Every structure is written in C-alpha cells, then in structure tokens.
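I opened this entry to record what I looked up in one model. The notes follow the order of my checks.

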Amino acid sequence: MKLAPLGDRVVLKQVEAEETTKGGIILTTKSQEKPQQAEVVAVGPGGMVDGKEVKMEVKVGDQVFYSKYAGTEVKLDGEEYVIVKQSDILAVLV
C-alpha cells in the first residue's frame with residue numbers, strides 16, 4: 001500500500017537519529033529529540049490550494065529539513081511517516 005498526498009502535502013520518512021554522541025555516549029530512545037531531517041517519499045500534485053496556485057518545489061528523494069512540530073505522523077505497513085504541507089519544509093539539502 002502506498003500513500004498518495006493531496007494538494008500541497010508531502011510524505012516524509014524521517015532519517016534515523018544517531019544513537020551515540022561524538023564523545024561516545026550512548027543515548028536512549030527517550031532522550032533523543034525527534035529528528036527534523038527527512039527524505040521525501042511522495043509529493044502531492046499542488047495546483048489550486050485554498051484559492052492560490054501552489055507549485056511543488058520538492059521531489060521524491062530530496063533530503064529536507066522541516067518545522068519541529070509540523071505534520072501528522074502516520075504508521076503504514078510497519079513504517080513511520082510524517083505528512084506535512086510544503087510550507088512546513090524549511091530547506092532542501094543540496
């Protein structure tokens with residue numbers, strides 16, 4: 001089963017957070033902050049959203065940084081995804 005976002009929404013898969021610090025300290029899952037870097041796995045069609053023309057600026061495979069509290073978390077087939085509006089994406093890693 002696949003996720004197909006609507007409008008200006010983008011489906012992201014979070015990049016795994018490091019479990020060991022540079023100094024060699026191992027972090028437990030609870031002490032780790034939710035990563036804000038993710039890979040784009042699906043992009044909506046854009047078009048007219050709320051009466052405004054929206055052009056999609058990201059594409060599948062892009063590595064992006066997004067707002068800390070943005071989006072809706074979804075679990076599908078054992079994988080976790082975040083669905084965000086394109087405006088919640090802050091930057092693309094180039």
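Which residues does Leu12 touch, not counting residues up to four places away in sequence? I listed Ala38, Glu39, Val40, Val41, Val64, Tyr66, Tyr81, Val82 and Val84. I kept in mind that this is a predicted model.

**Core.** I then looked up the largest nonpolar core. It has 14 residues, and Val10, Leu12 and Val84 touch the most other members. I noted which elements give two or more residues to this core: β1 (9–14), β2 (37–43), β5 (63–66) and β7 (79–85). The general background is that nonpolar side chains tend to be buried together in soluble globular proteins.

**Salt bridges.** How many salt bridges does the structure hold? I found two.

I took the Lys13 pair to begin with. Lys13 bridges to Glu79, and the closest N and O atoms are 2.6 Å apart. The pair links distant parts of the chain, with Lys13 in strand β1 and Glu79 in strand β7, 66 residues apart. The cut-offs I used put buried under 20% and exposed over 50%.

The other pair is Asp62 with Lys59. Their closest N and O atoms are 3.1 Å apart. Here I saw a contrast in accessibility. Asp62 has 11% relative accessibility, so Asp62 counts as buried. Lys59 is exposed, with a relative accessible area of 54%.

**Asp62 surroundings.** Where does Asp62 lie? I placed Asp62 in the loop between β4 (52–54) and β5. I also checked for backbone partners. A polar atom of the Asp62 side chain lies 3.0 Å from the backbone nitrogen of Lys59. Lys59 therefore meets Asp62 through a salt bridge as well as through this backbone nitrogen, by the 3.5 Å limit for a polar contact. Leaving aside neighbours within four places in sequence, Asp62 is in contact with Ala38, Glu39, Val40 and Val92. Ala38, Glu39 and Val40 are also among the residues that Leu12 touches.

**Surface.** Which residues make the nonpolar surface patch of about 290 Å²? I wrote down Phe65, Leu90 and Leu93. Leu90 is found in strand β8 (residues 89–93). Leu90 counts as exposed because its relative accessibility is 58%.

Technical notes. Residues are numbered from 1 along each chain as its sequence is written. This is a predicted model: local features need pLDDT of at least 70, side-chain atom pairs count only at pLDDT 80 or more; totals for chains, interfaces and linings use all residues. Side-chain values use heavy atoms; hydrogens and water are left out. Patches are made of residues with over 30% relative accessible area and no salt bridge: like charges are joined within 9 Å, nonpolar side chains (Val, Leu, Ile, Met, Phe, Trp, Tyr) within 5 Å. Accessible areas come from the Shrake-Rupley method with a 1.4 Å probe; for residues, only the protein chains shown count as cover. A salt bridge is a side-chain nitrogen of Lys or Arg within 4 Å of a carboxyl oxygen of Asp or Glu. Helices (H or I, at least four residues) and strands (E, at least two) are DSSP runs, numbered from the N terminus. Buried means under 20% relative accessible area, exposed over 50%, partly exposed in between (1.4 Å probe, protein chains only). A nonpolar core is a set of buried Ala, Val, Leu, Ile, Met, Phe, Trp, Tyr and Cys residues joined through side-chain atoms within 4.5 Å. Contact means heavy atoms within 4.5 Å. A polar contact is a pair of N or O atoms within 3.5 Å; within protein, one must be able to donate a hydrogen and the other to accept it, and residues adjacent in sequence count only if both atoms are side-chain atoms.
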